[in-house]
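Let's work through a structure by question and answer. Keep the sequence and the 3D view at hand.

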Amino acid sequence: MSALESLALEPPRSFLLDFDAETAVARITLNRPERLNALTFEVYDELRNTFRGLDGEAEVRAIAITGAGRGFCTGGDVEGIIGALFERDFEGLLDFTRMTCDLIGAIRQCRQPVVAALNGTVAGAGAVIATACDVRIAAESARIAYLFTRVGLSGADMGAAWMLPRIVGLGRASELLMSGAFIDAAEAHRIGLYNRVVPDGEALAAATEFAEELARGPSFALQVTKEALNREAHMELEAALEAEARAQAMCMLNPNFREAYEAFVEKRRPRFV
């Protein structure tokens, strides 16, 4: 049974998941609008397992994630998570923090491109989930903050200190993670955190359209590109050059390379597999 079939039989309880077979795009919608899509233990666990399942689903060629209502996600639910954490010892807390990190790992290790459609408040763990996505398309209302230091926690949470400097640079990342301050969509776009800003109400359509564009592309090449972006940050230049040489040689053996060539010769749009 495929991951999609399993999810159809036992759909996640804490968010919505739908798949458009025609476009090959799966869409995840955080669906607690009355709580600005704040995360619970259940949401973390189901999101982690869903991304892991979609990673192995050949029919899914791109993924979009958004939040229902007035915000994308405000982070951990104060009533549903924070209070319960005070009852745990160190090992119990470590189980929780590792689960949150596992979610980010599942997004980054997911072979399909993941596009975030951001609106309203994007805060705390919600900001890190957005950061873990490959592309962020935001509404003009989408203000973002890494709030952790404001509640006495490390700004380096869920991989934020690894991902954010690679997107906006060390200085900007230090400011955002240490201050915990909100920045608006225009500033987030200016520093490169948001890839694109669109009028309110249009973020999901724009993100879905871009996900569909990626889904029409050569999925193996996109997978290899994402893996390289994850892996090469730790490599010396010589090792990175060798890794890319090998990756490109593998792509040249993939049928999509020949299809792109034949489509060029025949003056038609390529039909990638």
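**Contacts, burial and packing**

Thr66 is in contact with Ile28, Thr29, Leu30, Phe72, Ala117, Asn119 and Leu204, with neighbours within four places in sequence left aside. The model is predicted.

Q: Is Thr66 buried or exposed?
A: Thr66 lies in strand E3, residues 62-67. Buried means under 20% relative accessible area. Thr66 has 5% relative accessibility, so Thr66 counts as buried.

Q: Which residue has its backbone oxygen 3.0 Å from a polar atom of the side chain of Thr66?
A: Contacts of Thr66 include Phe72, Ala117 and Asn119. The backbone oxygen at 3.0 Å from a polar atom of the Thr66 side chain belongs to Ala117.

Q: Which residues join their side chains to that of Arg48 by a polar contact?
A: Arg48 sits in helix H2, residues 41-55. Another, of 2.4 Å, joins the side chain of Arg48 to that of Asp45.

Q: What separates the C-alpha atoms of Arg48 and Leu103?
A: Arg48 touches Met99, Asp102, Leu103 and Ala106, not counting residues up to four places away in sequence. Arg48 and Leu103 are 55 residues apart along the chain, and their C-alpha atoms are separated by 4.4 Å.

Q: Is Arg48 buried or exposed?
A: The cut-off for buried is under 20% relative accessible area. Arg48 has 13% relative accessibility, so Arg48 counts as buried.

Q: What is the phi of Asn37?
A: Most residues other than glycine have a negative phi. Asn37 lies in the loop between E2 and H2 and is buried, with a relative accessible area of 2%. Leu36 lies in the loop between strand E2 (25-30) and H2, and has a positive phi near 50°. Asn37 also has a positive phi, near 60°.

Q: Is H10 roughly parallel or antiparallel to H11?
A: Helix H10 (residues 219-231) packs against helix H11 (residues 237-253) at an angle of about 170°, with axes 10 Å apart. Angles over 145 degrees count as roughly antiparallel. So H10 is, relative to H11, roughly antiparallel.

Definitions and conventions: Residues numbered from 1 in each chain as written. Predicted model: local features only at pLDDT ≥ 70, side-chain atom pairs only at ≥ 80, totals over all residues. Heavy atoms only, no water. Axes fitted to C-alpha atoms, helices over the stretch in contact; angles between N-to-C directions. Helix = DSSP H or I, 4+ residues; strand = E, 2+ residues; numbered from the N terminus. Parallel < 35°, antiparallel > 145°, perpendicular 65-115°, else oblique. Buried < 20%, exposed > 50% of the residue type's maximum accessible area, 1.4 Å probe, protein only. Contact = heavy atoms within 4.5 Å. Polar contact = N/O pair within 3.5 Å; in protein donor to acceptor, adjacent residues only side chain to side chain.
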